[in-house]
Amino acid sequence: FFFLQFNQRNQTKTMTISQDLFDETILENEECFDLPPLEALRETIDQFCQQLGHSPRQQQVVNGGDLPTIDDDENNDDVVMTLQSIPGDMAHLTLTHPSTPHGQLERENRMNFRNWLSLLDDCVGVDGVVTLPSPPSPTLTSLAADAVGAESEDVTIANNTTASRTENNDKIAEALAQLATKLQSNNQDALPYLIIFQQSSSIYTLMSFLTTIIQPTDNEHTINKNAPTKEEVYKLQILRQTANTLISILSSSSKENVKCTALRGDIRDLFIVGLNRLVGLLFRLFVTTTSFGDGAVSPKNVVLDLLKLSISAVRGCEGGKVAFVQSTIDDSFVKVAAKNNNLTLCNTKRGGVQVLFTILSNTTLKVGYNSSWDDESAAMNMMIIEATCQLLTTLCRYDDFRTPSTAGGAGGAAAAGGVSTSSAHDHAMEFHRVGVESLLVKVADGILNDLLLVDGEDTDDGDVNDEEGLAKKELLAAAVLTALRVLAVNDEI
């Protein structure tokens, strides 16, 4: 399905200037017109600006923005292009001379980025099935959030059967980590990499990577209660890294370039088709956590990462909110899973509502809010509840303020026709009908009573004066109270 989506999108994709063409033009101008490197670079930029319908570099731009300027660093014989107002269809280019050290480094970095994308694309077949190398030794360290930006040498693999498998596993983990590093919102140089990513099919590749974990088939309707195999552990680790990479791509920052924010919004619109699968994966993995318990290996960390990914995917995307709430989960699987694992479910056909209700109702029963944050199980449960409350808040709040003429903005296809709609009221009512307020009140009562103990007296667990644990509990209290407020402002609730 993702493959077909990319093909349909590719049919209308406009042609762009390649880096190779830009570099060849610089060298041709330099040779044919006997220009020095700096002047050849200037001439090439002006030439492509005119061909693309933009003002030449020497002329004032229409919107009154700052013009590109070129600085010649005589100390290292380097020519660096600094653009204050770069045309969008040239932002993916490194506007430097290909013979300078800086230019060569920039081209090498972007070539490596494209190679990482190609490596991941090669893992997905034409039928959308993801094929990963054989799992490495269990000593493979976590490839989750702490792997973002880490060097490949930090991943320890021992006793691998062949060197080639070791290399492939390292490369896949490193490719996901490198994407997250280059595309995260706090990277000031993220714009060209976001454009390269958007112009590729890699968003669909990462959607496919969400299916790497072994899931119960619709015919079996069973959950494996045995200890996970080495292959399952490895796939959980890859799945967790994939989730964190997608979070880095989809999450915007108020401090980043407005063009980056717009690009991330466009990529979130593309991710809408994967939200139904994300909801089903969340439900199945949460059911699995009740089977694995808090043993050596538990997918709870993955559930937390997928909740955070869901927040990033639907924030500022009205079409994403609708797709998440209205997604479907196989009904027969839901019933059997609930029976086998003693889960409390709600009566709804909305998959997004079902998964959030299931997580809240079955996690609050296990949480001791006065537990020490050093208690890993209790801390993880509280973080899952916090993320669930944040996701519920995002789903029930209108925050897609893109212009209706923007494709995907403020409601997806309807926005392209000039219609701006909000699903906040409908979603709040969906959660109200299943009684989610009572669950939120229970969480608020527990965490607020615990925070009231902060009067200098220690609890039995001695955690009241633990500043880090206290701060995290305050974040949980803020999340659940915000969720209650979003529902309470609805006149019909």
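I began with how helices are named: they are DSSP runs of H or I with at least four residues, numbered from the N terminus. The model I opened is predicted, so I kept in mind that local features need pLDDT of at least 70, side-chain atom pairs count only at pLDDT 80 or more, and totals for chains, interfaces and linings use all residues. Residues are numbered from 1 along each chain as its sequence is written, and side-chain values use heavy atoms, with hydrogens and water left out.

**Entry 1: Asp20.** I found Asp20 in helix H2 (residues 19-32). Its relative accessibility is 56%, so Asp20 counts as exposed. For this I used these cut-offs: buried is under 20% relative accessible area, exposed is over 50%, and partly exposed is in between (1.4 Å probe, protein chains only).

**Entry 2: salt bridges.** I counted a salt bridge where a side-chain nitrogen of Lys or Arg is within 4 Å of a carboxyl oxygen of Asp or Glu. The structure holds eleven of them.

I looked at Glu39 and Arg42, whose closest N and O atoms are 2.6 Å apart. Both sit in helix H3 (residues 37-51), three residues apart, about one turn of the helix. Glu39 is partly exposed at 33%, and Arg42 is partly exposed at 22%.

Next came Arg240 and Asp305, which meet at 2.5 Å, N to O. Arg240 is in helix H8 (residues 230-250) and Asp305 in helix H11 (residues 300-314), so this pair ties together parts 65 residues apart in sequence. I noted that Arg240 and Asp305 are buried.

I also found a network of salt bridges linking Asp269, Asp400 and Arg402.

Notes:
Helix = DSSP H or I, 4+ residues; strand = E, 2+ residues; numbered from the N terminus.
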